[in-house]
Amino acid sequence: MDIYVVRLGGSGGQGLILAGKILAEAATIYDGHNAVQTQSYGPEARGGSSKAEVVIKDGEIDYPKAMDLDLLLSLTQESCTKFSKDLKDDGILIIDSEMVKERPEGAFKVYAAPITSIAANKVGKVVVTNIVALGILTRISGVVTEESMRKAILARVPKGTEEVNMKAFDEGWKAGEELLTD
């Protein structure tokens with residue numbers, strides 16, 4: 001892998017910082033790549049703007065900030081509008097179809113799924129929206145293996161929530177599969 005740059009954008013409380021950490025750990029600990037994970041969020045924490053960035057590379061990472069994005073996951077309209085300009089022409093934009101109504105113009109590929117609704121209705125907990133998103137991201141991008149992502153999720157989620165988080169990942173994986181076959 002030359003270099004793969006990911007930004008996860010949304011609002012505080014959606015678990016995107018944790019999702020970024022899980023993605024970075026899947027890439028490094030379980031898939032053997034190098035990765036750098038950075039994050040920022042507004043002072044409001046819950047409800048304010050939030051982003052996590054992960055730079056993945058086999059060799060040395062010279063600059064830890066995400067610039068030319070290979071993949072952008074947007075769970076809010078604000079993050080989509082603000083960050084889509086950083087996507088490469090051949091990049092991937094994954095959006096929550098119920099939260100992002102105005103799709104940006106660009107040469108990137110757009111995948112839209114009701115990510116929050118999948119968490120709420122198919123898993124039964126909105127709090128696992130981030131893990132549903134990781135399932136979709138993993139299936140569509142292939143940037144990390146399914147096995148490494150599962151291991152990283154299980155290593156990071158609170159004890160006692162493993163089953164619901166694996167269900168969330170599975171539902172995300174299925175949604176990603178459906179998006180790829182459409």
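## Serine 79 and its surroundings

Apart from neighbours within four places in sequence, serine 79 is in contact (heavy atoms within 4.5 Å) with Gly9, Gly10, Ser74 and Ser84. This is a predicted model, where local features need pLDDT of at least 70, side-chain atom pairs count only at pLDDT 80 or more, and totals for chains, interfaces and linings use all residues. Residues are numbered from 1 along each chain as its sequence is written, and side-chain values use heavy atoms, leaving out hydrogens and water.

Where does serine 79 sit? Its place is in helix α2, residues 77-83; a helix here is a DSSP run of H or I with at least four residues, a strand a run of E with at least two, both numbered from the N terminus. Serine 79 is buried, with a relative accessible area of 3%, because buried means under 20% (1.4 Å probe, protein chains only).

Here are some distances for serine 79:

| Partner | What is compared | Distance |
|---|---|---|
| Serine 74 | polar contact between the two side chains | 3.4 Å |

Now for the whole chain. It has six helices and six strands, and 50% of its 182 residues count as buried. Its C-alpha trace spans about 40 × 40 × 35 Å along the principal axes.

Note on methods:
Polar contact = N/O pair within 3.5 Å; in protein donor to acceptor, adjacent residues only side chain to side chain.
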